[in-house]
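Here is a short report on one protein chain. Look at the sequence and the model first, then read on.

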Amino acid sequence: MYAISIREPGEPDVLEWTEHPDPRPGPGEVLIDVAASAVNRADLSQREGNYPPPKGASEILGLECSGTIAEIGAGVADWQVGDEVCALLAGGGYAERVVVPAAQVLPKPAGVDLVEAAGIPEVGCTVWSNVVLEAGLRSGQLLLVHGGAGGIGTCAIQVGKALGARVVATAGSAASRQLCAELGADPVVNYRDEDFVAIVKKLGGADVVLDNMGASYLDRNLSALAADGHLAVIGMQGGRKAELDMGKMLVKRLRISVLGLRGRPVEGPNGKAAVVAATRQDLWPLVESGKVRTLVHDRVPLPEAARAHAMLEAGDVRGKILLVR
């Protein structure tokens, strides 16, 4: 098979379309003929040498894919050859074929194009596990979403609205802010010249903050939270280290979670199988009803993954960039 290789850590041009050994499914695994994958910021970090795959995972980039099951390993009872699916991966999506634990496979949502389904598993599982399972967002609460126009952000806005929450989003360009507003965020804060803390405080404070910035936003996020609020950190685009005012947390009874998805074990109470099962049970009906949909910024041929990486790095990407076979 052919897949994207990283020649050496570096800029997008280190990505190459090269031949690799054909993968074969082991016990409890399935082999998927890939229709499409999607670009996530974690892929950029791995390409740069800053985010190695978990032990035992494929060195090939790609944290999600869609396609058709081509082969089933021993002990797999829930899937059949020919099923159209999408899957959460620890790696391997930028390829013609990928092996994945059967517990991380999801059915293609009814009414969703098979290619577009590639952009759902990573963002869907990330948003559902952080905003709902961990932070407990419910109807009537206020959700603050940073990076509202990106893949995670567009999903989070829609999930918040579908659950009956009020959603505030931050975004940069006018087009990005317009997209957030169209998805239901109100207000949408221009993070370049507006103070999201002051705006959110006027609304009574956020019950849940979904943050992709990390260190640079830590203190402001705590200030923006209402009493008993929850800060869910899923990215560190603004750095890894910051000073934490625990007094501020104590007074308002605040909670912080910093949760990754890729490095979790497959099984166990906090494993990927449990996240995928909860996402399938509760988020998939929202996707199939059209309340939560994949926003696609562009479709790029898989061998041209370098161009897709450069596009994401350039900024102002709205929704997901899909890599299509």
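**Overall fold**

This is a predicted model. The protein holds 9 helices and 15 strands. Its C-alpha atoms fill a box of roughly 55 × 40 × 35 Å along the principal axes. For 325 residues, a compact globule would have a radius of gyration near 20 Å; the protein has 19 Å, which agrees. Of the 325 residues, 53% are buried. The protein exposes about 13,800 Å², and carbon and sulfur atoms supply 49% of that area. Take the contacts between residues at least 6 apart in sequence: 65% of them join residues at least 24 apart.

**Helix α4**

Which residues of helix α4 are buried? In this helix (residues 174–183), they are S176, L179, C180 and L183. Seen down the axis of α4, these buried residues fall within an arc of 100°, so they line one face of the helix. A174 and E182 are exposed on the other side of α4.

What do the buried residues of α4 pack against? Their partners are α3 (151–162), β9 (166–171) and β10 (188–190). Just after the helix comes G184, which takes a positive phi of about 120°.

C180 deserves a separate look. Leaving aside neighbours within four places in sequence, C180 is in contact with G148, A149, I157, A169, A171, A185 and V188.

**Nonpolar cores**

In soluble globular proteins, nonpolar side chains tend to be buried together. The largest nonpolar core here has 43 residues. Which of its residues touch the most other members? They are I157, V159 and C180. Several elements give two or more residues to this core: β5 (84–88), α2 (121–134), β8 (142–145), α3, β9, α4, β11 (206–211) and α8 (272–288). Helix α8 gives the most, with 7 residues.

There is also a second, separate core of 20 residues. Among its members are M1, Y94, M311 and L312.

**Residue E16**

Where is E16 placed? E16 lies in strand β2 (residues 15–19). Is E16 buried or partly exposed? Its relative accessible area is 29%; the cut-off for buried is under 20% and for exposed over 50%, so E16 counts as partly exposed. Not counting residues up to four places away in sequence, E16 touches A3, I4, S5 and R7.

How far apart are E16 and L183? They are 167 residues apart in sequence. In space, the C-alpha to C-alpha distance between E16 and L183 is 36 Å.

**In brief**

C180 is buried in α4 and is one of the residues that touch the most other members of the largest nonpolar core.

Key
Residues are numbered from 1 along each chain as its sequence is written. This is a predicted model: local features need pLDDT of at least 70, side-chain atom pairs count only at pLDDT 80 or more; totals for chains, interfaces and linings use all residues. Side-chain values use heavy atoms; hydrogens and water are left out. Buried means under 20% relative accessible area, exposed over 50%, partly exposed in between (1.4 Å probe, protein chains only). Helices (H or I, at least four residues) and strands (E, at least two) are DSSP runs, numbered from the N terminus. The arc is that of the directions from the helix axis to the C-beta atoms. Contact means heavy atoms within 4.5 Å. A nonpolar core is a set of buried Ala, Val, Leu, Ile, Met, Phe, Trp, Tyr and Cys residues joined through side-chain atoms within 4.5 Å. The radius of gyration is taken over C-alpha atoms; the globule rule is 2.2 Å times the number of residues to the power 0.38. Accessible areas come from the Shrake-Rupley method with a 1.4 Å probe; for residues, only the protein chains shown count as cover.
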